[in-house]
Amino acid sequence: MHKESEQSQPDVEIMCRVNQLLDAIDSNNCNDDYNKLRKLSAAYLIKHCNHSIVRDYIDTDVDGGGQTIYYCEKCMHTLPISVYN
Ligand SMILES: [Zn+2]
């Protein structure tokens, strides 16, 4: 059976690494061109990644609580959780 989630996406893998590298610097310390690239790489992942969403639980250490998050295990894009705010 053909499983779409196991398809190789070398462009997405590269862009994921690029995005993680760009994210290593705080956006306040970067110029506009840098931050533009950061946004572009993130947008590329959101658009072209064949997302494989998984659920995770994160301890926040606030009142012993935690938070459930959803993210793509391929591009590491975290889905916005409105519950948190
Ligand atoms: Zn993805």
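Me: Which residues does Cys75 touch, not counting residues up to four places away in sequence?
Reply: Bear in mind that this is a predicted model. Contact here takes C-beta atoms within 7 Å. With residues up to four places away in sequence left out, the ones Cys75 touches are Val12, Cys16, Leu45 and Cys49.

Me: And which residues make up the largest nonpolar core?
Reply: Cys75 is one of them, and it has five residues in all. Helix 1 gives the most to this core, with three residues.

Me: Stepping back, in what order do the elements of the chain run?
Reply: The chain has two helices and two strands. Reading from the N terminus on, they go α-α-β-β.

Me: At roughly what angle do the axes of helix 1 and helix 2 cross?
Reply: Helix 1 covers residues 10–22 and helix 2 covers residues 32–48, and their axes come within 9 Å. Helix 1 passes helix 2 in a left-handed crossing. As for the angle between the axes, it's roughly 145 degrees.

Me: How many nonpolar, polar and charged residues are in the contact of helix 1 with helix 2?
Reply: On the helix 1 side you'll find Asp11, Val12, Met15, Cys16, Val18, Asn19 and Leu22. Those meet Leu37, Arg38, Ser41, Ala42, Tyr44, Leu45 and His48 in helix 2. Sorted by class, the contact has two charged, three polar and nine nonpolar residues.

Me: Is Asn35 buried, exposed or partly exposed, and why?
Reply: Asn35 sits in helix 2, and it touches Ser27 and Cys30 if you skip residues up to four places away in sequence. Being buried takes 20 or more C-beta neighbours within 10 Å, while 12 or fewer makes a residue exposed. Asn35 has 14 inside 10 Å, so it counts as partly exposed.

Me: How far apart in space are Asn35 and Leu22, C-alpha to C-alpha?
Reply: In sequence, Asn35 and Leu22 are 13 residues apart. In space, C-alpha to C-alpha, the gap is 8.3 Å.

Me: On to the strands: how many bridges join strand 1 to strand 2?
Reply: The two strands run antiparallel and form a hairpin with six residues between them. Along the pairing, Asp56 has Ile69 in strand 2 as its bridge partner, and Asp59 stands opposite Gly66. The number of bridges joining strand 1 to strand 2 is seven.

Me: Which residue in the turn of that hairpin has a positive phi?
Reply: Look in the turn between strand 1 and strand 2. There, a positive phi of about 65 degrees belongs to Asp61.

Me: What is the count of buried residues in strand 1?
Reply: Strand 1 spans residues 53–59 and is hardly covered. Across the whole chain of 85 residues, buried ones make up 8%. Among the seven residues of strand 1, the count is zero.

Me: What about Met76: what is its phi?
Reply: Met76 lies in the segment after strand 2. With 13 C-beta neighbours inside 10 Å, Met76 counts as partly exposed. Although Met76 is not a glycine, its phi is positive, at about 65 degrees.

Terms used: Residues numbered from 1 in each chain as written. Predicted model: local features only at pLDDT ≥ 70, side-chain atom pairs only at ≥ 80, totals over all residues. Axes fitted to C-alpha atoms, helices over the stretch in contact; angles between N-to-C directions. Helix = DSSP H or I, 4+ residues; strand = E, 2+ residues; numbered from the N terminus. Left-handed = near helix turned anticlockwise from the far one by under 90°. Contact = placed C-beta atoms within 7 Å. Nonpolar A, V, L, I, M, F, W, Y, C, P; charged D, E, K, R; others polar. Core = buried A, V, L, I, M, F, W, Y, C linked by C-beta atoms within 7 Å. Pairing = 2+ DSSP bridges.
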